[in-house]
Amino acid sequence: MIHLYCGASKGKTTAAMGLALRAAGHGERVVIAQFLKSGNSGERKILAALPNVTLMPVPDAMKFTFRMTEEEKKEEGERQTRLLTDTLREGEKAKLVVLDELCAALNAGMAPLAPVLAFLDGHKETEVVITGRNPPQELVDRADYITEMVKRRHPFDQGLPARKGVEW
């Protein structure tokens, strides 16, 4: 089945990683890719320690796309596309594939949608989780689960920056 965790609020990655932990706890093989993210999120440390979880590599640091030069965007787009290709290949052997913030990479034009759709259409036995804001209609149409995170209140709106261990 296809899970789509979308919306403008906190909780998309948290939900995806919770499902990954659940599957791993039952001995299932899990592959996780995080798009447009760096390696400093706390979930990576614990997930990397689990023997049946494959955590795809990410850079140590990552600029927000709006701060990238055109050359940096081009290079990052190439890296994101390679990450997607490698993840889908690795995901052929997994019970659960998590494509965290794939929607951001798709919306930024840094990853192609076609291989994702081909994987979803061709691997019906694989559970796939996709997170991010503004998912393409093609993903919405294919999703079995759609959970939209709606922000009612967030400390960021009062000037509190993202906190280690909570937002990252």
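**View 1. Glutamate 76 and arginine 79, both buried, in a predicted model**. In this predicted model, glutamate 76 and arginine 79 both lie in helix α3, three residues apart, which is about one turn of the helix. Their side chains meet in a salt bridge, with an N to O distance of 2.8 Å.

**View 2. The salt bridge between aspartate 121 and arginine 142**. The closest N and O atoms of this pair are 2.8 Å apart, and because aspartate 121 lies in helix α5 whereas arginine 142 lies in helix α6 (residues 137-142), the pair ties together parts that are 21 residues apart in sequence. Aspartate 121 counts as partly exposed, at 39% relative accessibility, and arginine 142 is also partly exposed, with a relative accessible area of 28%.

**View 3. Lysine 37 and aspartate 100 joined by a salt bridge**. The two side chains meet at 2.7 Å, N to O, and since lysine 37 sits in the loop between β2 and α2 while aspartate 100 belongs to strand β4, the pair ties together parts that are 63 residues apart in sequence. Lysine 37 is buried, with a relative accessible area of 18%, and aspartate 100 is buried with a value of 0%.

**View 4. The largest pocket and its lining**. This pocket has a volume of about 1,600 Å³ and is lined by 38 residues, with Lys37, Phe64, Glu101, Ala162 and Glu167 lying nearest its centre. Helix α1 gives the largest share of the lining, six residues, and by class the lining holds 14 nonpolar, 14 polar and 10 charged residues.

How values were computed
Residues are numbered from 1 along each chain as its sequence is written. This is a predicted model: local features need pLDDT of at least 70, side-chain atom pairs count only at pLDDT 80 or more; totals for chains, interfaces and linings use all residues. Side-chain values use heavy atoms; hydrogens and water are left out. On a 1 Å grid over the protein atoms alone, a cavity is a set of points where a 1.4 Å probe fits but cannot get out, and a pocket is an open set with protein on both sides within 12 Å along at least five of seven lines; lining residues have an atom within 4 Å of a point. Grid points are joined across faces, edges and corners, and a volume is the space filled by probe spheres set on the points. Helices (H or I, at least four residues) and strands (E, at least two) are DSSP runs, numbered from the N terminus. Ala, Val, Leu, Ile, Met, Phe, Trp, Tyr, Cys and Pro count as nonpolar, Asp, Glu, Lys and Arg as charged, and the others, Gly among them, as polar. A salt bridge is a side-chain nitrogen of Lys or Arg within 4 Å of a carboxyl oxygen of Asp or Glu. Buried means under 20% relative accessible area, exposed over 50%, partly exposed in between (1.4 Å probe, protein chains only).
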